[in-house]
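Reader: I have a protein model open and I am new to this. Please show me how to read it.

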Amino acid sequence: MKDFVLELKDLNDIEHTISEFPNNNTILEVKQFFLNEFEVAFAKHLPQFRKAFAIGKNFAKKVTNENNS
C-alpha cells in the first residue's frame, strides 16, 4: 500500500503555468481562454492520468481479491 501511495504522489505532482491575457477581454473570451488552457494542460499530462488510473485499478483489484480470500 505504501508503494501505491508513493507512486500516486509522484504522478499527482502536476503544475501548469497559465499564460497572461489582456485585461480588456469579455467574459466569454476569458472563459474560452481558460478552457483552452485546461485542454492543453490535460493533454500534456494525459500519460500521467492514464498511469494513475491503471495503478488505482490494479490496487483496487488487489484489495478486493485480498478481502474475498
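Author: Start with burial. A residue is buried under 20% relative accessible area, exposed over 50%, and partly exposed in between (1.4 Å probe, protein chains only). Thr26 has a relative accessible area of 44%, so Thr26 is partly exposed. Before going on, note that this is a predicted model: local features need pLDDT of at least 70, side-chain atom pairs count only at pLDDT 80 or more, and totals for chains, interfaces and linings use all residues. Residues are numbered from 1 along each chain as its sequence is written, and side-chain values use heavy atoms, leaving out hydrogens and water.

Reader: How many helices and strands are there in the protein?

Author: Helices (H or I, at least four residues) and strands (E, at least two) are DSSP runs, numbered from the N terminus. Here there are two helices and zero strands. Thr26 sits in the loop between helix 1 and helix 2.

Reader: What is the radius of gyration of the protein, against that of a compact globule?

Author: The radius of gyration is taken over C-alpha atoms, and the globule rule is 2.2 Å times the number of residues to the power 0.38. For 69 residues, a compact globule would come near 11 Å, but the protein has 18 Å. The C-alpha trace spans about 60 × 20 × 15 Å along its principal axes. Of the 69 residues, 14% count as buried.

Reader: Which residues of helix 1 are buried?

Author: Phe4, Leu8 and Leu11 are buried in helix 1. Look down the axis of helix 1: its buried residues fall within an arc of 55 degrees, so they line one face of the helix. That arc is taken from the directions from the helix axis to the C-beta atoms. On the other side of helix 1, Lys2, Asp3, Lys9 and Asp10 are exposed.

Reader: What do the buried residues of helix 1 pack against?

Author: They pack against helix 2. A contact means heavy atoms within 4.5 Å. Take Ile55. Leaving aside residues up to four places away in sequence, Ile55 touches Phe4, Glu7, Leu8 and Leu11.

Reader: Which residues make up the largest nonpolar core?

Author: The general idea comes first. In soluble globular proteins, nonpolar side chains tend to be buried together. A nonpolar core is a set of buried Ala, Val, Leu, Ile, Met, Phe, Trp, Tyr and Cys residues joined through side-chain atoms within 4.5 Å. In this model, the largest one has five residues: Phe4, Leu8, Leu11, Ala52 and Ile55. Helix 1 and helix 2 each supply at least two residues of this core. Helix 1 gives the most, with three residues.

Reader: How many aromatic pairs are found in the whole structure?

Author: Rings of Phe, Tyr and Trp (its six-membered ring) pair if their centres lie within 6.5 Å; planes under 30 degrees apart count as stacked, over 60 as edge-to-face and the rest as tilted. A search of the whole structure finds four aromatic pairs. The ring centres of Phe4 and Phe59 are 4.1 Å apart and their planes lie at 5 degrees, so this pair is stacked. The pair links distant parts of the chain, 55 residues apart: Phe4 is in helix 1 (residues 2-11) and Phe59 is in helix 2 (residues 27-68). Phe4 counts as buried because its relative accessibility is 19%. Phe59 counts as partly exposed at 21%. Elsewhere, Phe38, Phe42 and Phe49 form one aromatic cluster.

Reader: Is His45 buried or exposed?

Author: His45 is buried, with a relative accessible area of 7%. His45 is found in helix 2. A polar contact is a pair of N or O atoms within 3.5 Å; within protein, one must be able to donate a hydrogen and the other to accept it, and residues adjacent in sequence count only if both atoms are side-chain atoms. The side chain of His45 makes such a contact with the side chain of Gln48, at 2.8 Å. Not counting residues up to four places away in sequence, His45 touches Ile14 and Glu15.

Reader: Where is Glu15 found?

Author: Glu15 is in the loop between helix 1 and helix 2. Glu15 is exposed, with a relative accessible area of 65%.
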